[in-house]
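Subject: Handing over the two-chain model

Hi there,

Here is the structure I promised to pass on to you. Have a look through it first, and then read on for my notes on what turned up.

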Amino acid sequence: MMKRDPALFMALVTVWLSFAVFIFLPFLRLLGATFVVDGKLSLANVKTVLSKAYNVKALYGSLVLATAVSITGTVVGYLFALAVTRTRISKVTKGIIGAVAMLPLISPPFTSSISLTLALGPNGMLLKALGIGDFSIYGFLGTWISETLTYFPVAFMVITAVLNTMSATLDDAALSLGASRWRMFRTLTIPLSLPAIVNSILLLFGASLADFATPLILGGHAFPVLPTEAYLLITGMFDLKGGATMSFLLLVPALLVFFLQRMMLGKKSFVSVTGKSGSRTEFARLPQSLNVVIAVVCLIVVAFIIYLYAIILWGSLVKVWSVNNTPTLEHYRYVFKHGQKAIKDTVLIAIISTVIGSLLAVVIGFMIQRKEFVGRRLLEFSSMLNYALPGTVVGIAYIIAFNTKPLVLTGTLSILVAAYVFRYYATGIRSVIASLEQIDPALEEASLSLGAGTVRTFTHITVPLIIPALISGMRYLFIHCMTAISATIFLVSVRWTLLTTRILESMTELQFSQASAFSIVLIAIVFLADFILKHVLKFTTAHITRSQEISYEQIGA
Amino acid sequence: MNKSALELIGVSKLFQKDGESVLAVDAVGLTVKEGELVTFLGPSGCGKTTTLRMVAGFELPTSGRITIKGKDMTNVPVNKRGIGFMFQTYALFPHMSVYNNVAYGLKARGEKDREIKSKVREALRLVGLEKTEHRFPNQLSGGEQQRVALARVIVMEPSLLLMDEPLSNLDAKLRIHMRTEIRKIQQDLGITCLYVTHDQSEALTMADRIVIMNKGRIEQIGTPFEIYSNPQSVFVADFIGQANIIRLKITAVGSDTISVQIPRGGVFTARALRPERLKKQEAIYKVGAEASLIIRPEQIQLGPAPAKEDQFPAIVESAMFVGSHIEYFVKLPNDSVIKALVPYQTGMHIFSAGDDVELSFDVASAVFLPN
């Protein structure tokens, strides 16, 4: 291969080396920490962890929570998807629903937890308004509500995509054969969207299992889950072995869900527009009672989300939350004075990670989609490993791997960047692959047949055509890097600190207003970056007929 | 000596698919003269596109050699072969204007801007698209995109123009218009051209010579007229135009004719194709074996029964008036159903289902093929 395609050979060597250091080494060290005791293979650590009732409770809690969230999130997401694809509400209303549903996706993971605390926590605004005195948001219920609000948008997008590709003539056929609207919905719409429902349940199960921020704030002592317990074991008790073992327990169901979800996507036939259908008819109306349910749920959820965001904004602008409501900008002054380093660090790390991650994504995505070489499948799988694992697992694996010689990286910028790059470039790789799948290889062949070499073809044809996909991949990468906490909480240091960890600190110090101000600044930065990238994207897609922008579904987020 | 523009010598291609190897192209040999337009015709999966892609250099042959203008090109990469390739999907670069699409190859070749400009303009003029330089492919109609694709290859003055079903994405009317136009430009510029198609009327109207392929092998090479009137195999007869194929028992063998027994009729004698096989007294052409009588529907006449010795008795199964013709399906006593297209003339008698008829045809238009 070295002779025939030296560029590919060099790329492969580089990629496999980087995987060895930043994916396999941490993973193996984590397994080592879990299963090697005194230089011998042993289940002693697992036994010790499972012998403590509190840990078993955490395992149980994680699974129950993930099940509950995957069900409620999918139901809410399905109703939202029906609202935008199957009801006659105005385009503007649909736009608002879509925009509000996107908010939780691009917000830091704490947003809904913080605002839920402000609304329903001690001295909660909503509790006071409703006159409820004795209520605790901490525990299963609060975590469940918060995670449902955070993750239902994923279900919404996955299901909307599928509901949109169905053929409206099927609806017409069912009705013309005498089916009632309920029967049509039950026997046609639901079964045809079943793959999306299953996919959504798996995605949400994985997301909830991995979620760290929400249970940390809202779970409390009464409702432990694996990621937070692993974190507390390591940071509170300095029990690295225990933490590693806990995170291994988390890894097993997470990988299982990941494999199931991949299998689902693999089987899926991409229903596409054939251009054969002639005039596209509108989808048939849903039964009236279902319309009422959709309207009520959407209204409540949308209103609640807007309320939660408003409350954070309001919280950041008052002196002491719920005690002294005098408007003030002092929290923002604090953020820009004492939080300046965190803002700079976060943005710098996010930009570096996005650039490196995107470059790597182009190379890896191109190799996987367009080249033939031994171990291609393995490369694809390995590239996704850190992404499939919960952040807590990756964070713990990284401190175990990079705390000791020969690679002491803890406390450096590189470890944060590496953690982000090898975790979140997966969205970039997926979008590059998805985009290359849509680009006819004949374009590259045309270039070659016109006398251009392979390098000119790559730079003049391939790269310009995948740039739109790359930019949308960069959007997600940047957002993830700005808002992530689960992996990096283990990796921050005095030298390098992040906005998300500052929010967490403020929350644990009960400085709710400060936490709110930090959150607002973070959200503002993310919105600004997203806005810029979106417009760059529009500019680059001007002449490419098919929009290369990819959806969360294609990425398999 | 006039060198041939293209020569394929024993070219084969073996694909590995799902652990099985498939022989997509089997020892294809062909010589194309300078300025000739040769079409590759055959059913899908017959290896015609693979052959074209090997000539282009997108695929490497498993064995055999390919020479262009006498130079061995078998292992030369695509971009060094000096060929032009037109794709079924046009493959216009969506992010480049029409001008930049056409100029792409010239730029890659490193020509001067001034020359590029005049060449691009000339090529666009030739295809009738002078005014679209600044537009982008998605702002053009299908026919216009097709012309840009044509301009993009001819501007390179390729020694060989390869086209892979270039018209299959156009609607029927435009397709007929474009094939005359492509043929005219090809002849005006004198470019040697290989043209892959599955549309036989395209092949018949455009080609100097047609190569009929089936299952990776060449079935027959010849001018459109030769292919139509002298098919060398049952496959070719069946594939080009419409043909009735009637299997009959041989009763006598002449020097270049054979005779067969007409079911419930007399004896019919006609010319046998592949006379070399007849001369060799091969078993397939022996008395008692079956031969296929090939007769095209438009060459059959119907008359009332009874009739002469060498005519075929039959019963009308269905008759359909299709405007210029009457389309009959008739059944021979040996149960083979054949089709006849009889030109309609005012006042002529039209048979109806169940009628006894006699089929007759000019002996010169009927041929026998060995099975």
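For what follows, two residues are in contact if their C-beta atoms, placed from the backbone, lie within 7 Å. Please also keep in mind that this is a predicted model.

**Where the chains meet**

By that criterion, 18 residues of chain A are in contact with 20 residues of chain B. On the chain A side, helix H19 (441–449) and helix H20 (454–483) each supply at least two residues. H19(A) gives the most to this side, with six residues. By class, the chain A residues that touch chain B divide into 10 nonpolar, five polar and three charged.

**Inside chain A**

A helix pair is worth a look here. Two packed helices are described by the angle between their axes and the distance between the axes. Helix H5 (residues 111–120) of chain A packs against helix H13 (residues 288–316) of chain A at an angle of about 75°, and their axes are 9 Å apart. Angles of 65 to 115 degrees count as roughly perpendicular, so H5(A) is roughly perpendicular to H13(A). From H5(A), the residues that take part are Thr111(A), Ser112(A), Ile114(A), Ser115(A), Leu116(A), Leu118(A) and Ala119(A), and they meet Leu308(A), Ile311(A), Ile312(A) and Gly315(A) of H13(A). The residues of this contact comprise seven nonpolar, four polar and no charged.

A residue is buried if 20 or more other C-beta atoms lie within 10 Å of its own, and exposed if 12 or fewer do. Tyr60(A) has 13 such neighbours and therefore counts as partly exposed. If you want a distance to check your loading against, Tyr60(A) and Lys128(A) are 33 Å apart in space, C-alpha to C-alpha, and 68 residues apart in sequence.

**Chain B as a whole**

Chain B has nine helices and 20 strands. Along the principal axes, its C-alpha atoms fill a box of roughly 80 × 50 × 45 Å. Of the 371 residues in chain B, 40% are buried. Among contacts in chain B with a separation of 6 or more, 65% are between residues 24 or more positions apart.

Five residues of domain 1 of chain B are in contact with six residues of domain 2 of chain B. The domain 1 side of that contact has two nonpolar, three polar and no charged residues.

**Sheets and a helix in chain B**

An open sheet of four strands in chain B runs in the order S2-S1-S4-S5, with antiparallel pairing. Its edge strands are S2 (20–32) and S5 (71–72) of chain B. Within the sheet, strand S1 (residues 6–17) and strand S4 (residues 63–68) of chain B are joined by five bridges, and Glu7(B) has Thr67(B) in S4(B) as its bridge partner.

Further along is helix H2 (residues 98–109) of chain B, where the buried residues are Val98(B), Asn101(B), Val102(B), Ala103(B), Tyr104(B), Gly105(B) and Leu106(B). They pack against helix H3 (113–126) and helix H4 (142–154) of chain B. Just after H2(B), Gly110(B) takes a positive phi of about 80°.

Strand S12 (residues 257–261) and strand S13 (residues 267–272) of chain B run antiparallel and are joined by five bridges, with Val260(B) opposite Phe268(B) in S13(B). Five residues lie between the strands of this hairpin, and there Arg264(B) takes a positive phi near 50°. S13(B) also pairs with strand S20 (residues 367–370) of chain B, in the parallel sense over two bridges; Arg271(B) has Val367(B) as its bridge partner.

Lastly, an open sheet of five strands in chain B has the order S15-S19-S16-S17-S18, again with antiparallel pairing. Strand S15 (301–304) and strand S18 (337–343) of chain B are at its edges. Neighbouring strands of this sheet are turned by 45° against each other on average, direction ignored. Strand S17 (residues 325–331) of chain B pairs with S18(B) over seven bridges, and His325(B) has Pro343(B) in S18(B) as its bridge partner.

Best wishes

How values were computed:
Residues are numbered from 1 along each chain as its sequence is written. Chains are lettered from A and ligands numbered from 1 in the order in which they are written. This is a predicted model: local features need pLDDT of at least 70, side-chain atom pairs count only at pLDDT 80 or more; totals for chains, interfaces and linings use all residues. Ala, Val, Leu, Ile, Met, Phe, Trp, Tyr, Cys and Pro count as nonpolar, Asp, Glu, Lys and Arg as charged, and the others, Gly among them, as polar. Two strands pair if DSSP finds at least two bridges between them. Axes are lines fitted to C-alpha atoms, for helices over the stretch in contact, and angles run from 0 to 180 degrees between N-to-C directions. Angles under 35 degrees count as roughly parallel, over 145 as roughly antiparallel, 65 to 115 as roughly perpendicular and the rest as oblique.
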